[in-house]
Amino acid sequence: MSKIIDSLITDSLELPELIPDELPVLPMRDTVIFPFTTYPVLVGRDVSQAAVNTALEGSRYILLLAQKNPEEEKPAANDLYRVGTLAYVNQVTSLPGNLFKVLVNGVSSVDVINFKNKKGNLSATFEINEKPKKGLRSSKLKGVIKRSFDTFERYIMANQDLPEEIIAGFDREDDPEKVLYIMASHLDLSLEEKQSLLEKKTLELQYKRFLHLITRELEVLVVSNDINEKVQNEIQETQKKFFIQEQIKALQDELGEGEYGDPELNKIKETAVAAEMPEYALKRVEEELEKLRKIPQMSPEYGVARNYLDWMVSLPWSKMSEDNLDISRVQEILDKDHFGLEKPKERIVEHIAVLNLVKHLKGQILCFVGPPGVGKTSIAKSIANALNREMIRISLGGISDEAEIRGHRKTYIGSMPGRIIQGMRKAGNINPVIILDEIDKIGNDFRGDPSSAVLEVLDPEQNNSFNDHYLDIDYDLSKVLFIATANVASRIQDALLDRMEIINLPGYLEHDKYEIAKKHLIPKLMKSHGLESGQLKINKAAILSVVRNYTSEAGVRELEQKLAAICRKVARKVVEGDKTKTHSITAKEIPSLLGVGKYRDRDLEKENKVGSVNGLAWTYTGGAILQIDVAAMKGKSNFRLTGKLGDVMKESAQAALTFIRSNADAFDIDPEYFEKHELHIHIPEGAISKDGPSAGMAMALAMLSLITHKKTKHNVAMTGEITLKGEVLAIGGLNEKLLAAQRNKIKKVLVPFDNAPDLTEIPEKIKQGLEIITVKSIHEAIPHVIIE
């Protein structure tokens with residue numbers, strides 16, 4: 001390669017007229033060099049350096065052929081295009097790394113005829129492409145050339161990377177082919193596009209191809225310039241805006257208007273900071289304030305955003321009320337407000353005791369379950385009072401829209417948070433007592449499932465990040481003491497029931513109702529009716545008369561209504577001028593004040609009968625006595641059930657009959673009796689729906705009494721599910737059923753043996769006066785019920 005290194009710079013650009021028929025080939029990796037242009041080529045490959053060396057040794061002419069695949073290191077003849085450029089090696093400069101910069105002058109486009117390979121060095125014979133001069137004066141070609149010139153000038157003017165002097169570098173009157181190649185060399189074209197331009201056989205085709213390419217490039221360049229201009233304008237606008245904002249900020253500081261230019265918005269920001277919001281909540285407030293600052297006050301969106309901010313800053317985020325953890329005071333308040341209810345009171349005192357030790361007890365969600373009127377809601381209020389916490393009551397009865405719990409999206413007109421967040425705002429601190437009243441009466445329809453939304457509220461693992469749809473951020477409910485109330489635990493969703501601690505509140509006995517009326521109801525009613533102390537006295541007999549003859553409930557709500565009626569009567573007398581200082585009410589005066597009693601003792605309690613048994617039932621209002629009567633008629637085998645009985649109760653009656661028929665020999669019953677008689681079971685009060693399996697034992701004993709013509713004891717009641725083998729299975733609602741037995745002066749009660757453990761949980765006052773017998777089967781129950 002010494003000849004390349006030692007080559008001299010050619011001073012004259014005049015090219016030798018004699019061009020050999022065969023010349024060395026220099027493969028061009030990633031470009032096409034046009035005729036009439038001067039271009040530096042970086043040479044590093046051995047084959048390329050050999051080609052340049054051969055050119056220098058000879059005429060200095062060389063063939064420049066583009067590679068089809070630029071990645072090919074040792075291209076063969078098939079790897080090269082057959083149309084290229086005849087060039088003259090004008091100058092060679094040595095560079096570090098065994099590289100050489102070769103300055104070549106394009107002479108003409110050529111077509112390769114044959115390739116030759118001599119010891120790895122590629123050469124070729126060729127034919128110079130001489131464009132026909134005929135047709136240069138045609139108006140069509142002139143038009144294409146003129147348009148190409150004009151477009152090229154526009155391209156140079158639009159391209160900031162190319163100097164405008166290029167336009168002055170060539171003359172329009174010069175050789176059209178030469179001008180074409182000079183213009184094409186300034187375009188940013190791909191190798192394939194340059195090659196296609198070089199391969200066109202006529203000048204007209206070349207100019208058309210060039211016009212197409214430059215028009216496309218000009219369009220791209222115009223779009224690019226527009227984008228650049230917009231970016232620059234935006235940058236300038238941003239800088240201008242920043243400068244103006246800084247000036248406005250300085251003026252606002254001078255005027256005392258603060259950061260947002262509106263005293264009210266600044267006050268919202270100050271309130272949010274003072275509320276000690278979490279960082280994410282404060283960030284949301286700042287974002288909304290920034291939006292609000294840009295919205296005109298007359299816009300509807302302004303009211304939506306302002307209302308949202310008012311809710312955010314009015315909620316308690318860190319403020320807590322100080323708990324009163326004095327156990328003796330808590331016990332005193334609970335005893336003062338409520339008579340009885342020892343188990344719920346004990347559980348609350350235990351809760352306070354634990355709070356004394358750990359200060360924060362997670363996951364304590366209580367649910368008071370019991371009949372209406374037993375004091376579920378009122379004892380929850382007393383708990384809040386004893387703890388010195390705010391109390392919020394949320395009634396869930398009949399709610400069927402999930403948005404009642406989670407709220408609506410703030411984008412809706414008139415939207416607002418759900419009841420939980422509303423309650424927290426009303427409480428004003430993050431640790432109130434929230435009473436979820438009637439949680440077993442939550443509805444469910446096409447608007448969603450509110451009970452599933454309540455799951456998040458009552459789950460200790462989730463309620464520290466409760467997400468209301470309106471707020472759209474997490475809110476911490478973990479410090480809230482939730483207390484739910486329900487009449488029937490079985491109606492509560494299983495997943496919801498699993499998250500709560502169930503505390504059953506049993507119904508009251510006559511003695512309890514008397515004490516409640518005397519100590520709580522009558523003083524409260526006298527005060528609410530404007531009666532002074534001493535103006536009304538109701539003796540014990542009168543109160544018990546109201547309890548026995550005018551009420552039939554587990555709670556005291558109906559009793560309160562009747563006592564309120566008495567207070568109204570006395571208040572009227574006082575207003576009409578009655579001078580009596582003290583109105584004493586006795587049992588004899590009760591009918592004149594309240595009318596005829598609705599509830600009376602039944603005759604069945606005083607007489608033993610055949611085919612009549614006392615069953616015990618559980619109802620939503622407490623326990624009740626079911627009088628089960630059975631009658632037999634001559635006729636074909638038939639079995640009839642009346643009294644508005646449910647499917648489960650009907651199936652229990654069928655099971656009882658099957659048991660008796662399958663054990664006819666053991667009971668000395670004629671097997672043909674059932675073929676000749678038709679049995680009819682009726683349970684009175686037919687307007688009331690009845691269902692459940694617990695009357696199975698009672699129906700079996702009633703049918704057995706009728707068929708064997710033996711009387712049953714009138715002061716015995718029973719409850720229990722029966723199997724086809726005569727076994728007695730456990731039942732629910734035992735507390736309420738025993739209470740009903742005591743209210744109805746039943747002496748003996750038969751219960752399933754499996755319910756024996758439940759008896760230890762039942763207060764002694766409910767079992768007082770009752771002889772409770774546990775039985776495993778019908779055979780064990782017969783001696784206690786049927787008189788032999």
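Tryptophan 317 and tyrosine 475 are both buried, that is, under 20% relative accessible area, with exposed meaning over 50% and partly exposed in between (1.4 Å probe, protein chains only). This is a predicted model, in which local features need pLDDT of at least 70 and side-chain atom pairs count only at pLDDT 80 or more, while totals for chains, interfaces and linings use all residues. Residues are numbered from 1 along each chain as its sequence is written, and side-chain values use heavy atoms, with hydrogens and water left out.

I turn to the aromatic pairs. Rings of Phe, Tyr and Trp (its six-membered ring) pair if their centres lie within 6.5 Å; planes under 30 degrees apart count as stacked, over 60 as edge-to-face and the rest as tilted. By this rule there are seven aromatic pairs. One of them, tyrosine 308 with tyrosine 470, is tilted, at 5.8 Å centre to centre and 50° between the planes. Tyrosine 308 lies in helix H10 (residues 300-314) and tyrosine 470 in the loop between strands S10 (466-467) and S11 (474-475), so the pair ties together parts 162 residues apart in sequence. Helices (H or I, at least four residues) and strands (E, at least two) are DSSP runs, numbered from the N terminus. Tyrosine 308 and tyrosine 470 are both buried. Tryptophan 317 and tyrosine 475 form an edge-to-face pair, 5.1 Å centre to centre with 65° between the planes. Here tryptophan 317 sits in the loop between H10 and helix H11 (327-337) and tyrosine 475 in strand S11, 158 residues apart. Phe34, Phe36 and Tyr181 form one aromatic cluster.
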